[in-house]
Amino acid sequence: MFQIEIDSGSGFCFGVTTAIHKAEEELAKGNTLYCLGDIVHNGMECERLRQMGLITINHDEMEQLHNVKVLLRAHGEPPETYALAEKNGIEIIDATCPVVLQLQKRIKKQYEIAPSPNTQHPSPNTQIVIFGKKGHAEVLGLVGQTAGTAIVIEHFDDVKQLDFSRDIYLYSQTTKSVEEFHRITEYIQQHKAEDTVFKSFDTICRSVANRLPSISQFATRHDLILFVCGRKSSNGRVLFEECLRVNANSHLIEGPEEIDAKWLHGIQTIGICGATSTPTWLMEQCRDAIRALFR
């Protein structure tokens, strides 16, 4: 009989845990609560909260609401969302992750730096660059701090599109790869014009980055890895790719119904792990589903 181990380091990060606790507290009071976007990139956890009464909305739907409570998830929001809430009398329950909030403030401060005493606008010679996924909720919130002027690069190859004759201030989405960020930094340093300013700020959350070495070790200990994660999760992709790098027999699944019994043939040990958006109860369901297959 094979052994099953659930990675003790997997599960919700601080930001996600805080957002979910705030939602549960409000719903427990019997209040109507809206959430702007999926509270976490995990469909099963979103469904659990929906059954408790949480109503997920998008930005267009928020524009139609007045005098209600809306929870902002850990990813953060641009200034326009707060302005809309004030205009419509909406009470904001702000669950923006402190790490994301601090990053927003840093980018906004850089954007608002005046190049001379005679103007209050950022220099046209300055490029604020964000290493992140285009359209991701967190990235939209970061770009919003610059009135939409920040340049987003998703991958290392995108860095070649920058204007190296202009100043560059480089930041990162909190859940991106540290290794790729450092590659981008080195490339800019090597290609920028001599008379330009280049500053890079490693703003990657260590609750994800520090998990890479531990999840790598976890994946090498087992014959089969089941990485439980919503497919929308950015940090999940980073962590799963690390599992796959060290253990080719790794599979990304969203829940127990995706487990293929064929994967278990000839297996001695199974490791179950997940993203910072993966609830522990879901990993436990996957463990129980495997046991049920051989009961």
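1. Two strands are said to pair if DSSP finds at least two bridges between them, and this is the sense in which pairing is used below for the structure, which is a predicted model. By that criterion, an open sheet of four strands can be described here, with the order β7-β6-β8-β9 and parallel pairing. Its edge strands are β7 (151–153) and β9 (198–200), each of which pairs on one side only. On average, neighbouring strands of this sheet are turned by 20° against each other, with direction ignored.

2. Among the residues involved, Ile168 has Phe198 in β9 as its bridge partner.

3. Helices also pack on this sheet, including α5 (residues 98–112), which touches β6 (126–131) and β8 and whose direction makes about 170° with that of β8. Helix α7 (residues 178–191) packs on the sheet as well, where α7 touches β6, β7, β8 and β9, and the direction of α7 makes about 175° with that of β8.

4. A separate point concerns Thr276, which lies in the loop between β12 (269–274) and α11 (280–293). Is Thr276 buried or exposed? Because its relative accessible area is 5%, and buried means under 20%, Thr276 counts as buried. Leaving aside residues up to four places away in sequence, Thr276 touches Gly11, Phe12, Cys13, Val16, Ser207, Val208, Arg211 and Asn235.

Note on methods
Residues numbered from 1 in each chain as written. Predicted model: local features only at pLDDT ≥ 70, side-chain atom pairs only at ≥ 80, totals over all residues. Heavy atoms only, no water. Helix = DSSP H or I, 4+ residues; strand = E, 2+ residues; numbered from the N terminus. Buried < 20%, exposed > 50% of the residue type's maximum accessible area, 1.4 Å probe, protein only. Contact = heavy atoms within 4.5 Å. Axes fitted to C-alpha atoms, helices over the stretch in contact; angles between N-to-C directions.
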